[in-house]
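Dear colleague,

Please find below the structure that I am handing over to you. My notes on it follow directly after.

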Amino acid sequence: MERKKIKVGPGEIVKPGCHAKDGNPFGPFWDTFNIDFQKSEFYAPLHFDVHNTIIAKKWQSKYQPNEWPVLAFAGAPAHFPVQSENVGLQKYVKWNEDYTKMAKDYIKNTLPKGAFIGIHLRNGIDWIKACEHIKNSKQLFSSPQCLGYNNEKGLLFKELCFQTRELVIRQIKRVVKRMNNENPSNKIKSVFVASDSNHLLPDLNQSLERMGITAHKLEENNPHLDLAILGLSNHFIGNCISSFSAFVKRERDVRGFPSSFFAYPKDTSRTKHEEL
């Protein structure tokens with residue numbers, strides 16, 4: 001839909017609204033997908049607690065599907081991270097045909113024939129700075145996905161947020177060895193890497209060469225396609241703190257696919273080198 005441009009002159013008042021495409025990163029985000037908006041409005045006093053049947057009915061009454069086929073929010077209308085009672089809603093999130101086809105085509109035409117591991121690495125400078133909050137926090141971002149919402153499964157520690165390349169490689173090798181032992185007729189042949197910064201492809205290819213495994217990433221940045229491919233991997237290793245990893249983990253849980261997290265559970269051994 002074409003967005004209406006409003007010219008503001010002396011004495012004119014801009015009509016209240018969310019103006020979803022004003023500023024950065026909002027404008028560039030929607031422009032990436034060629035999406036414009038016809039109008040905007042505030043949904044208050046409605047709120048996100050749809051477990052309350054009265055609120056759910058009010059949403060359905062105010063925004064009937066035949067008049068409002070798509071609702072785009074300027075931000076998540078719920079708590080961050082996803083609350084435990086809402087995790088199951090992931091089963092209603094489906095990839096469209098285009099992304100499903102692109103993901104399957106990439107796996108078929110680019111990755112070597114055979115099983116593959118999908119991994120998500122968070123190692124950009126912004127993430128490194130965010131991980132500094134570990135020492136003063138019980139939870140950070142999406143950490144409840146592995147630590148539990150009340151830390152009943154553990155406490156935050158540095159490696160859970162940011163992993164060294166040695167830790168990443170060591171854990172990948174462990175997963176490969178276990179999966180190949182469990183499925184000798186469908187051995188791991190490749191690793192697909194999604195990352196916000198350093199994909200570590202040279203390190204991974206060098207370290208996994210003797211195992212006959214190659215590392216791959218998309219030629220052009222496409223986080224949605226990254227997510228779709230990771231969701232289809234034979235095993236996924238994500239970052240416990242990352243909401244990007246959390247999306248993949250929820251999708252895979254719904255489909256019954258195996259996943260794990262880097263550095264979790266915490267390795268208390270003193271082993272520094274592992275030959276496989």
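Ile-119 stands opposite Ile-237 in β4. Strand β1 (residues 115–121) and strand β4 (residues 235–238) are paired in the parallel sense over three bridges; two strands pair if DSSP finds at least two bridges between them. Helices (H or I, at least four residues) and strands (E, at least two) are DSSP runs, numbered from the N terminus.

This is a predicted model, in which local features need pLDDT of at least 70 and side-chain atom pairs count only at pLDDT 80 or more, while totals for chains, interfaces and linings use all residues. Residues are numbered from 1 along each chain as its sequence is written, and side-chain values use heavy atoms, with hydrogens and water left out.

The open sheet has five strands in the order β3-β2-β1-β4-β5, with parallel pairing. Because β3 (214–216) and β5 (259–261) stand at the edges with a single partner strand each, one side of each is left without a neighbour in the sheet.

Helix α7 (residues 165–182) packs against helix α8 (residues 201–208) at an angle of about 45 degrees, and their axes are 11 Å apart. Axes are lines fitted to C-alpha atoms, for helices over the stretch in contact, and angles run from 0 to 180 degrees between N-to-C directions. The contact (heavy atoms within 4.5 Å) is made by Arg-165, Ile-169, Ile-172 and Lys-173 of α7 and by Asp-203, Leu-204, Ser-207 and Leu-208 of α8.

Finally, α8 lies across β1, β2 and β3, and runs at about 160 degrees to β3.

Yours sincerely
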